[in-house]
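Please keep the sequence and the three-dimensional view at hand while reading.

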Amino acid sequence: MKTETLLNLFLALVLPLVAMVAYWIGEPFYVNLTTRIAVLALAATGLNLALGLGGLVSFGHAAFFGIGGYVAGIFATHAMSGTPFIEWPFDIGATNQMLVIWIVAMLVAGLAALVIGAISLRTSGVYFIMITLAFAQMVYYFAISWPAYGGEDGLSMPVRDAFFGLNTFDPLNLFLIAYLVLMAVIYGFWRLTNSRFGAALQGARQNEVRLASIGIKPFQIRLTALVLSAMITALAGTLFADLNRFVSPTMLSWHMSGELIVLIVLGGTGRLFGPLAGAVLYVLFEFALGSTVEHWQFFLGLILLGVVMFARGGLIGLIAGRARHG
């Protein structure tokens, strides 16, 4: 068995093991910490589809992450008050069922990504980065100026969304939901990577002229990848809102987009379990130093600099060697 496969298996098993041990010894805080890791890894996996496979350095994924969070928060608010989610042109009732909220959040984020991608993908390089950042900032400032749902103060969620009758206030149940969703998305990422679409997407990253010469349009491939990427990131946003029972405009800030990119770089760009490895490093580093050092991000920056200079494959690349895809 290859080193990377063993490392992936270790990452997949150690997270639920830590969560269960923490639950059994009566430490819900650490269970919530593992849930945070799983949710951030899920969001970064979404971005990894666009960045790792497609080479699309997006600084706009915070918009999709925040859209997912606000859909969850708005649904929870209306479900608690008994008011409809939409009143015009026809009534749509609110619900606290996670599956429904996930679908709505993914559809809204997918539509937003379709519009953003149709414009931004006509550019490349730094122009693409700046356009995605501009769109994300527009969504951010819209949320701040939306007083009906908290404005810049954010939106508290009076209830936590339900999932097939499970008690989602139980930290272990919420972790298992987030973890199983993460594993399902990672499996989908693996299938996509080894599909013809995945090969075309990587081909668009490496040489779009050659890809176009065989009759495949790079624009359509990239747009599809960006929409799928946004939908996964929005799904993570709904879980993040449920975890914190609070939605804030900070979920839409460009800093969140930067954090997701950091997770991918730390774990390994394009690697199957790279986002999970990066999320583990990031959250543990934040937990270990955040309470003792005011400017702990400085030390994180030093580690990130070291990874970029000496271990471009991230943690997984450092241990397992170079990836098969280039």
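By class, how many nonpolar, polar and charged residues are in the lining of the second largest pocket?

## The second largest pocket

The structure is a predicted model. In it, the lining of the second largest pocket comprises 18 nonpolar residues and one polar residue, with no charged residues.

## Overall form

The protein contains 13 helices and two strands. Its radius of gyration is 19 Å, which is close to the 20 Å that the globule rule gives for 326 residues; the protein is therefore as compact as a globular protein of that length. Along the principal axes, the C-alpha trace spans about 55 × 50 × 40 Å.

## The cavity

A pocket is open, whereas a cavity is a space in which the probe fits but from which it cannot get out. The structure has one cavity of 30 Å³ or more. The volume of the largest cavity is about 40 Å³.

The residues that line the largest cavity are S58, G60, F64, I116, T132, F135 and L226. Sorted by class, this lining has four nonpolar and three polar residues, and no charged residues.

Which residues form a nonpolar patch on the surface? The patch consists of L17, V21, Y23, W24 and I25, which together have about 550 Å² of accessible area. One of these residues, L17, is located in helix α1, which covers residues 3-24.

Three salt bridges are found in the whole structure. One of them joins E4 and R271, whose closest N and O atoms are 2.6 Å apart. Because E4 belongs to helix α1 and R271 to the loop between α10 (254-267) and α11 (274-290), this pair ties together parts that are 267 residues apart in sequence.

## Summary

Two linings have been described by class. That of the second largest pocket has 18 nonpolar residues, one polar residue and no charged residues, while that of the largest cavity has four nonpolar, three polar and no charged residues.

Technical notes:
Residues numbered from 1 in each chain as written. Predicted model: local features only at pLDDT ≥ 70, side-chain atom pairs only at ≥ 80, totals over all residues. Heavy atoms only, no water. Nonpolar A, V, L, I, M, F, W, Y, C, P; charged D, E, K, R; others polar. Patch = residues over 30% accessible without salt bridge, like charges linked within 9 Å, V, L, I, M, F, W, Y side chains within 5 Å. Areas by Shrake-Rupley, 256 points an atom, 1.4 Å probe, with all protein chains shown as cover. Salt bridge = Lys/Arg side-chain N within 4 Å of Asp/Glu carboxyl O. Helix = DSSP H or I, 4+ residues; strand = E, 2+ residues; numbered from the N terminus. Rg over C-alpha atoms; globule rule 2.2 N^0.38 Å. 1 Å grid on protein atoms, 1.4 Å probe; cavity = no way out; pocket = protein on both sides within 12 Å on 5 of 7 lines; lining within 4 Å. Points joined across faces, edges and corners; volume = space filled by probe spheres on them.
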